[in-house]
Amino acid sequence: MTRIALKTSHLRQASLSLLASACMLAPAWAAPVKVGIALDISGPFAGPGAEARDGFALAIKQLGGKLGGQPVEFIQTDMAGSPDQAKQLVDRFVQREKIDLFTGPIASNVALAVAPTLFSARVPYLSNNAGPSQFAGAQCNAFFFGTAYQNDQFHEAAGKFADDQKFGRMVLIAPNYPAGKDALTGFKRKFKGVVAEEMYTKLGQIDYATELAQLRAAKPQALYFFLPGAMGINFIKQFVGAGLSKDITLVTSGFSADEDVITAVGDPMLGLFNTSHWAYDLDNAANKAFVAAFRKEYGGRLPSLYAAQAFDVIAAMDAAVKAVGGNVADREALSKALAKAQFASVRGNFRYANNHYPVENFYLRTIGKNAEGRVTNKTIKTLLENYGDSYAAQCPLK
């Protein structure tokens, strides 16, 4: 565990020095804001985790290591995609470090493991990626903010696309963990054709010989898969290498087809359709500035949705801390400020439903080559506009 805010923020000593120099003018609560950041830079979600890390770092750098103008201590650690390890580390965040805000990790099963500790301590949890259905309905919580999306939404958009295309027979594949189950539930909510088979793979699996044999035998018209990170990278390579792309149309969500996966896979990604709530070519001022800054900071690399979501989380925290005048000890006021979402999201129009999950657009993208010959995504159209999740009516929050 380190107290350096990723690679761009102040050390604790520096933050405390700034605090001391201003103590005569500061209100009684103006101690450094403490933010716990759960990273996944090892384990099954290391690829998306690294992207999120870079999005956090860029946002923190742009804010000068502060939130709402207040000094901040960012406490970060690698949770390695492990629910047990994450639970222990978040207990430490809350009990020893006395954090005021929390964000991360990537996986829904880890989010479900750490949330009860945070809720009990009334620490606002801004999820930069995971959007489990459990926190969207009857178990919603005033201190949870699914800042990125609710798990089902991406897949509902993909189901609508597949239904619009009138794919008559499909096979669905996802890892056997909460987000994987939410994924296929969401897809089937919008797809009215025949689901010939559902396959749930081991989380972190990278050899898909068995599943490819089953696909060959099933002979579907199209395949929908949700396999983020290294899982998707290996699956696509093996799928195309087995010659299945000649007869089966691939459809997925942005998790398995964003710039981090494209960079690792290359040409086998061509022609793949995917859905997302964000794209680097979205035409809004905040997004253009973010993409330009990210490419400048990271050697011309295009950001992925994981980086964009992380960037938005820091912006949301900054706006809320500013709104409460730095008094993060007033957790109810802080939660209400977060719920207003008064920041310029890189996704454009953005607001929370009553369950603190976003109401936002979802887009259809396809992978091709741009004018420079780069294999990349291109946004085609909006599939779902100002779209909320399917569980909000069950949430008692107003």
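Contacts, helices and strands in a predicted model

Q: What is Asn151 in contact with, leaving aside its neighbours within four places in sequence?
A: In this predicted model, Asn151 is in contact with Ser108, Ala130, Gly131, Pro132, Ser133, Ala179 and Asp182, its neighbours within four places in sequence being left aside. Contact here means heavy atoms within 4.5 Å.

Q: Which residues of α7 and α8 meet, and how do they divide by type?
A: From α7 come Ala209, Leu212 and Leu215, which meet Phe235, Gln238 and Phe239 of α8. The residues of this contact divide into five nonpolar, one polar and no charged.

Q: Why do β2 and β6 stand at the edges of the sheet?
A: The six strands form an open sheet in the order β2-β3-β1-β4-β5-β6, with mixed pairing. β2 (66–67) and β6 (144–145) each have a single partner strand, so one side of each is left without a neighbour in the sheet.

Q: How do you know that β1 and β3 pair, and in what sense?
A: Two strands pair if there are at least two bridges between them. Strand β1 (residues 33–39) and strand β3 (residues 70–78) have seven bridges and pair in the parallel sense. Ile37 has Gln76 in β3 as its bridge partner.

Q: Which helices lie across β1, β3 and β4?
A: Helix α2 (residues 46–62) lies across these strands at about 155° to β1. Helix α3 (residues 83–95) also lies across β1, β3 and β4, and runs at about 155° to β3.

Q: What makes β13 mostly covered?
A: Of the 12 residues in strand β13 (residues 358–369), 10 are buried.

Q: How do you know that β11, β12 and β14 pair with β13?
A: The cut-off is at least two bridges. β11 (residues 273–276) runs antiparallel to β13 with four bridges, and Thr275 stands opposite Leu364. β12 (residues 351–352) has two bridges to β13, also antiparallel, with Arg351 opposite Val359. β14 (residues 375–387) is joined to β13 by nine bridges and runs antiparallel; Glu360 has Tyr387 in β14 as its bridge partner.

Q: Which residues take a positive phi in the hairpins of β13?
A: In the hairpin of β12 and β13, with five residues between the strands, His356 has a positive phi near 65°. β13 and β14 form a hairpin with five residues between them, and Gly373 in the turn has a positive phi of about 85°.

Technical notes
Residues are numbered from 1 along each chain as its sequence is written. This is a predicted model: local features need pLDDT of at least 70, side-chain atom pairs count only at pLDDT 80 or more; totals for chains, interfaces and linings use all residues. Side-chain values use heavy atoms; hydrogens and water are left out. Ala, Val, Leu, Ile, Met, Phe, Trp, Tyr, Cys and Pro count as nonpolar, Asp, Glu, Lys and Arg as charged, and the others, Gly among them, as polar. Axes are lines fitted to C-alpha atoms, for helices over the stretch in contact, and angles run from 0 to 180 degrees between N-to-C directions. Buried means under 20% relative accessible area, exposed over 50%, partly exposed in between (1.4 Å probe, protein chains only).
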